[in-house]
Amino acid sequence: MIRINENYQKLKSSYLFADIARRVEKFQKDNPHREIIKLGIGDVTLPLPLACVKAMHQAVDEMAISSTFRGYGPEQGYGFLRQAISDSDFRSRGAAIDPDEIFISDGAKCDTGNIQEIFDANTVVAVTDPVYPVYVDTNVMAGRTGNFQDGRYQGLVYLESTRENSFIPDLPETPVDLIYLCYPNNPTGAVITRDELARWVEYAMKNKALILYDAAYEAFIRDPELPRSIYEIDGATQVAIEFRSFSKTAGFTGTRCAFTVVPRNCRAYDRQGREIMLHSLWNRRHSTKFNGVSYPVQKAALAVYSKEGQQQVLTNIEYYLGNARIIREKMEKLGFECTGGINSPYIWINGNKDSWSFFDDLLNKAGVVCTPGDGFGLCGKGYIRISAFNSLENVEKAMHRIESAL
Ligand code: MLT
């Protein structure tokens, strides 16, 4: 008899954003004439930077000629892209990351979801609360948690991020093995300072733990004092894996390209307590289950690092950050306490009421979609997240409607 993976039965019925999409679809069906503005899921709206489009066109042309056609590429990514990432994203900031420590993939969601496969089933996992649901759900699927009870999975360690600690949680009080951190944070938009991040690296070293550092939103950091990579912290290569993405940086949500950094000296331990390098494990997993990102897409990603590409990416980021400023200022003017939206495209808003009622209010009264905070965890109760990913025109219209509705 074929049996299911029972762990799937522990999951909430659907993924947060699928749940929201369904509610929005129903609302639209019931109100076909209402125009909805979506500031929910963080999906980019600006087209790809021109440099990327040109590079992708050129690469497609190469694929059309037998002398330049390419079949399977290296699973880990083409050398040209790995080299550019190493030089521009890391070495230029004093982080000694080599090209062969970079694994190109089709998304940070997939990588942050898949990485847990290389760790023991009994790994004690810590996540922040609120949290990007992928970290939690993939560990539930893998059987590292008990049931969902009173808003939390048993067996997971939740590190509370609240207004009292400025949304940067304290170090765990009980021993943990694997810690998911995300800065600039999704959903709160909070950022972490160098000193705060150094405390986590120190913790991981002292406790033989590992940090999974999701830096998908690093391109939104404007403050030069803030770290963009965990590898800017001494010792981090030993105790941290970092995830990056071209999705929010260069508008690749539909194009798909990201990367994971597993430094050669990054370690975990076997049953006997011997150090095992994670680079070879991830390489094994990646090359077994993944056949690489397409050549045209990697060429487009490479163009992000050209002079023209850098300028165009910056213009797009500034555009979204301009939207974020408008959202934050308006919500503050309306009397709401906000965080994020300065070095981040997300604004975390304390609605002082049930998140889903706030969500319904915005949808019904203003036709604006946000994300209810408690979809990200218990500590998100009472909050909503508004995303800056939309056109300036729509953001202004949405804020105007919210002002009139509330
Ligand atoms: C979000 O809205 O939280 C993100 O778009 C989710 C993602 O990047 O997968």
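Buried means under 20% relative accessible area, exposed means over 50%, and partly exposed lies in between. The views below come from a predicted model.

**View 1. Thr45 in its loop.** Thr45 has 40% relative accessibility, so this residue counts as partly exposed. Thr45 sits in the loop between strand S1 (37–38) and helix H2 (50–63). Apart from neighbours within four places in sequence, Thr45 is in contact with Tyr320, Phe389, Asn390 and Ser391. Tyr180 is 135 residues from Thr45 in sequence. In space, the two C-alpha atoms are 28 Å apart.

**View 2. The two domains.** Across the boundary, 38 residues of domain 1 are in contact with 49 residues of domain 2. The two domains bury about 3500 Å² between them. Of that area, 61% is on carbon and sulfur atoms.

**View 3. Pairs across the domain boundary.** Three salt bridges are counted between domain 1 and domain 2. Glu318 forms a salt bridge with Arg222, with the closest N and O atoms 3.1 Å apart. Polar contacts between the domains number 17 residue pairs. On the side of domain 1 that touches domain 2, helix H11 (307–333), strand S13 (337–340), strand S14 (346–350) and strand S17 (383–387) each supply at least two residues. H11 gives the most, with nine residues. By class, this side of domain 1 has 19 nonpolar, twelve polar and seven charged residues.

**View 4. Asp19 and Arg22 in helix H1.** The side chains of Asp19 and Arg22 meet in a salt bridge, at 3.4 Å from N to O. The two residues are three apart in helix H1 (residues 16–30), so about one helical turn separates them. Asp19 is partly exposed, at 24% relative accessibility. Arg22 is also partly exposed, with a relative accessible area of 46%.

**View 5. A salt-bridge network.** Side chains of opposite charge can pair when their charged atoms come close. Here Asp89, Glu218, Arg228, Glu242 and Arg244 are linked in a network of salt bridges. Glu242 and Arg244 are both buried. The whole structure holds 30 salt bridges.

**View 6. Asp270 with Arg274.** Asp270 forms a salt bridge with Arg274. Their closest N and O atoms are 2.8 Å apart. Asp270 has 21% relative accessibility and therefore counts as partly exposed.

How values were computed
Residues numbered from 1 in each chain as written. Predicted model: local features only at pLDDT ≥ 70, side-chain atom pairs only at ≥ 80, totals over all residues. Heavy atoms only, no water. Contact = heavy atoms within 4.5 Å. Buried area = accessible area lost by both parts, 1.4 Å probe. Salt bridge = Lys/Arg side-chain N within 4 Å of Asp/Glu carboxyl O. Polar contact = N/O pair within 3.5 Å; in protein donor to acceptor, adjacent residues only side chain to side chain. Helix = DSSP H or I, 4+ residues; strand = E, 2+ residues; numbered from the N terminus. Nonpolar A, V, L, I, M, F, W, Y, C, P; charged D, E, K, R; others polar. Buried < 20%, exposed > 50% of the residue type's maximum accessible area, 1.4 Å probe, protein only.
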